[in-house]
Amino acid sequence: MIVVTGATGNVGRYVVKELAEAGAEVRALTRDPENARLPSGVTAARTEDLPFDGADALFLNPAVVWGGADALLRRATEQGVRRIVLLSSSAALDPGPGNPIGTHHRELELAIEAMDVEWTFIRPGAFAVNSLQWAEEIKSGDVVHGPYANCRTAPIHEADMGEVAARALLGDDLVGRAPVLTGPESLSFADQARIVGEAIGRPLRYEELPREVVREGMLRGFATPEIADSLLDMFEAGVGVPAEISPETERITGHPGRTFAQWAADHKADFS
């Protein structure tokens, strides 16, 4: 059996889908199993119950254990889990001061490496789904606001991450590897707003805000000052710099990564 954490989230739901289609036995962990919409044959359970009995593999989304993974990892291995696929981050390539996101992910990777398990660390760069932060603005107008309009990233579709994770859980080719994943194209934030506009059938314009204005908004939301500064530094460094495209997504899945236009088309309803 394979246990999937964050099973109804952006990436986890695609991991569950891929595993179910492959005929795997899946236990999907979620905060609200009674209302989880899962493929036929998939069982749902509460994340906090840590139900790993009968499981031999685990997909771990670090968002589920942001406050600490020790209890979950200990329970999983005590119950027989022998393979862990971690949704990490390409930021883990450069941990240290000024990169709290990378440091957090690398520390979790190291904790798993120290265990007697098979592991794979999936290291995506920018998530295409981050553009959903524009949804409310787009529903009410034609302007998207944000930092550094010409910062370029290679946003990856969550379906590609899910497909890679499922392959790592089901096969042995990715054991002991940490592939960096990206989308297939380098796009500025302004490009991404334009492409969303094309998907929903009306033009959108990206309006760049001063760094401090964006930072204040981030602090009112999810971000600590360290995370806000780290992200803004990264965005500033990406201005006018083509994003590096990783070949790993296509090499592992056997097909080109889904484009941002495909992602926008898949999420039209979220912007309407």
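Visitor: What does Ser 230 touch, leaving out residues up to four places away in sequence?
Guide: Ser 230 touches Gly 98, Asn 99 and Pro 100, where contact means heavy atoms within 4.5 Å. This is a predicted model, in which local features need pLDDT of at least 70 and side-chain atom pairs count only at pLDDT 80 or more, while totals for chains, interfaces and linings use all residues. Residues are numbered from 1 along each chain as its sequence is written, and side-chain values use heavy atoms, with hydrogens and water left out.

Visitor: Is Ser 230 buried or exposed?
Guide: Buried, at 10% relative accessibility. Buried means under 20% relative accessible area, exposed over 50% and partly exposed in between, using a 1.4 Å probe and protein chains only.

Visitor: Which helix is Ser 230 in?
Guide: Ser 230 is in H8. Helices (H or I, at least four residues) and strands (E, at least two) are DSSP runs, numbered from the N terminus.

Visitor: How do H7 and H8 cross?
Guide: The axes of H7 (residues 211-220) and H8 (residues 225-237) come within 10 Å and cross at roughly 140°. That makes H7 oblique to H8. Axes are lines fitted to C-alpha atoms, for helices over the stretch in contact, and angles run from 0 to 180 degrees between N-to-C directions. Under 35 degrees counts as roughly parallel, over 145 as roughly antiparallel, 65 to 115 as roughly perpendicular and the rest as oblique.

Visitor: Which residues meet there?
Guide: From H7, Arg 211, Val 214, Arg 215, Met 218 and Leu 219 meet residues of H8 that include Pro 225, Ala 228 and Leu 232.

Visitor: Which residues of H7 are buried?
Guide: Val 214, Arg 215 and Met 218. Seen down the axis of H7, the buried residues fall within an arc of 100°, so they line one face of the helix. The arc is that of the directions from the helix axis to the C-beta atoms. An α-helix has 3.6 residues a turn, so residues three or four places apart point the same way.

Visitor: What do those buried residues pack against?
Guide: Strand E7 (143-146) and H8.

Visitor: Where does Tyr 148 lie?
Guide: Tyr 148 lies in the loop between E7 and strand E8 (152-153). Its phi is near 45°, a positive value in a residue other than glycine. Most residues other than glycine have a negative phi. At 14% relative accessibility, Tyr 148 is buried.

Visitor: And what is the phi of Leu 50?
Guide: Near 45°, again positive in a residue other than glycine. Leu 50 sits in the loop between strand E3 (43-46) and strand E4 (57-60), and is buried, with a relative accessible area of 17%.

Visitor: New topic. At what angle do H1 and H5 pack?
Guide: About 50°, with the axes of H1 (residues 12-21) and H5 (residues 158-170) 8 Å apart. That makes H1 oblique to H5. Among the residues in this contact are Tyr 14 and Leu 19 of H1 and Gly 162 and Ala 166 of H5.

Visitor: Last one. Where is Ala 264?
Guide: In helix H10 (residues 260-266). Ala 264 is buried, with a relative accessible area of 1%. Not counting residues up to four places away in sequence, Ala 264 touches Ile 195, Val 196 and Ala 199.

Visitor: How far apart are Ala 264 and Ala 128?
Guide: They are 136 residues apart in sequence and 8.6 Å apart in space, C-alpha to C-alpha.
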